[in-house]
Amino acid sequence: MQHIWDLVVVGAGPAGSQAARTAAARGLSVLLLDQEEFPRPKTCGGLVSAKACAALGLTLPAALGERRIEGVRLVGPDGETALAQTAPFLGWTVDRAALDAFLVEEAVRAGAEFRPGAAFLSIENAASGHISLRTSRGNLRARAIIGADGSSSSVARALGQGRSLPAWRTALALSAMLSLPAPRVEEVFNGGRTVNLYCLPLPYAFGWAFPYRERVNLGLGAWAGAAKALPQLMAGFARQLQLSWGITPQAVHPRGAYLPAGGLTFRPGRSQVLLVGDAAGLVDPFSGEGIYFALRSGQLAAETLVGCLATAGAPLTSAARLYAAACRRELLGELRLALVLAIFTGTKRHFFRSLSARPERLELIVQIMTNPRAYRTALLQARQPGPPARSG
Ligand SMILES: Cc1cc2nc3c(=O)[nH]c(=O)nc-3n(C[C@H](O)[C@H](O)[C@H](O)COP(=O)(O)OP(=O)(O)OC[C@H]3O[C@@H](n4cnc5c(N)ncnc54)[C@H](O)[C@@H]3O)c2cc1C
């Protein structure tokens, strides 16, 4: 008789590992599978915000943190103006391959079994209290499934929720690594503690340069409709940055990936098959941050399933509805406001120019990295009557 897992988690990025760790720690039998062998490369800026570090609920090992971030510098469209904001802790830059491998280890430590090199292929049937699923390494049976398999999720497609999104609902981001000696990293990035964000002349676009120990992660993201323009923009952006740092420009070889623009698209899954992270469409459309939303949705999905399995009268088939309600309460309000801000600011150069009239908006960048309710708090503050205007 084939074993029936309480939970099979498909995809071992931050969303899947967090879900697997949470569920295993609460006593479920959990199988975490990924199509890749680990550690595997992952295209990412590797900035784990302070709010993501808090959501993780684990201390990152010292070897994993490349640079502790305490400041943000916003560079204007003409490159000449830079505004800096500091805070005691804004996050860590990390190598994503190493972070994801660490999170898998933590899930295993909590009791989950990890099966690398196993791709999810299809759901065979969903009857009699368990689901059969086909993978490249054989068939499995589970009482529930979490699809954490990224923005082109096969689990979402198996549920009929994975149709490709139009370009205006999607972002494309490119990133590349550049070697830079540690003392130069420290000079350029204010002791290695500041991340640089660049306002670029494309809708919703911004560029970044994040300090690592002896490397810089640079990249840019924009709406996917501008995809054709991005490689050239990236080449010019990388060249300009290197010249401004006083180094001879070397060609960069960026890798790219599509991201869902959160706030419009939300795919919670169906019945006892839940979608989390990028697979659920949970990425901040203003900042491009996805790791925080992956961790939180992974945790919410696992907690929902644990609750359903433990509570008589809460059938497992109601899990998707309960999980969707939890995401709406905690995450979607935030993503919708981020989307409104992204649309209203248009290109980030408008956002940058508005800072001279509304300097408090710079504080919003720090809030986005530290406060899970950043956009809602900013909206409340904007609605509060200000001090009476001075006359004369
Ligand atoms: C260029 C770029 C830069 C970014 N920079 C940042 C940043 O600095 N900070 C930030 O917070 N966010 C950033 N993001 C967003 C962030 O990378 C994602 O939001 C985050 O990785 C989502 O995590 P996830 O676990 O949902 O999915 P993923 O990390 O994509 O993990 C999905 C996993 O599923 C596996 N998988 C896929 N299909 C299958 C299958 N059929 N069967 C089994 N396994 C499968 C994959 O191998 C993968 O391991 C960036 C994104 C891009 C593209």
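Visitor: In which hand, left or right, does α8 pass α11?
Guide: This is a predicted model. Helix α8 covers residues 319-345 and helix α11 covers residues 374-383; their axes come within 8 Å and cross at roughly 65°. The crossing in which α8 passes α11 is left-handed.

Visitor: Which residues in α11 do G333, E334, L337, A338 and L341 in α8 meet?
Guide: The residues of this contact divide into five nonpolar, one polar and two charged. On the α8 side stand G333, E334, L337, A338 and L341. Their partners in α11 are Y375, R376 and L379.

Visitor: At roughly what angle do the axes of α1 and α7 cross?
Guide: Helix α1 is made of residues 14-25 and helix α7 of residues 291-310. The crossing of this pair is right-handed. The axes come within 7 Å and cross at roughly 30°.

Visitor: How do the residues of the contact of α1 with α7 divide into nonpolar, polar and charged?
Guide: From α1 the contact takes P14, A15, G16, Q18, A19, T22 and A23. From α7 it takes residues including I291, A294, L295, E303 and V306. The division is eleven nonpolar, six polar and one charged.

Visitor: Into which domains is the protein divided, and how many Å separate their centres?
Guide: Domain 1 is built from 4-43, 97-166 and 262-343, and domain 2 from 47-95 and 168-260. Taken over C-alpha atoms, the centres of domain 1 and domain 2 are separated by 27 Å.

Visitor: Which element gives the most to the side of domain 1 that touches domain 2?
Guide: In the contact between the domains, 23 residues of domain 1 face 25 residues of domain 2. On the domain 1 side, two or more residues come from each of α3 (96-109) and α7. That side divides into twelve nonpolar, seven polar and four charged residues. The element that gives the most, with five residues, is α3.

Visitor: Which residues come nearest to the ligand?
Guide: The shell around the ligand draws at least three residues from each of domain 1 and domain 2. There are 38 residues around the ligand, and those that come nearest are G11, G13, G45, G277 and G290.

Technical notes
Residues numbered from 1 in each chain as written. Predicted model: local features only at pLDDT ≥ 70, side-chain atom pairs only at ≥ 80, totals over all residues. Axes fitted to C-alpha atoms, helices over the stretch in contact; angles between N-to-C directions. Helix = DSSP H or I, 4+ residues; strand = E, 2+ residues; numbered from the N terminus. Left-handed = near helix turned anticlockwise from the far one by under 90°. Contact = placed C-beta atoms within 7 Å. Nonpolar A, V, L, I, M, F, W, Y, C, P; charged D, E, K, R; others polar. Near = placed C-beta within 6 Å. Domains from an automatic or database assignment.
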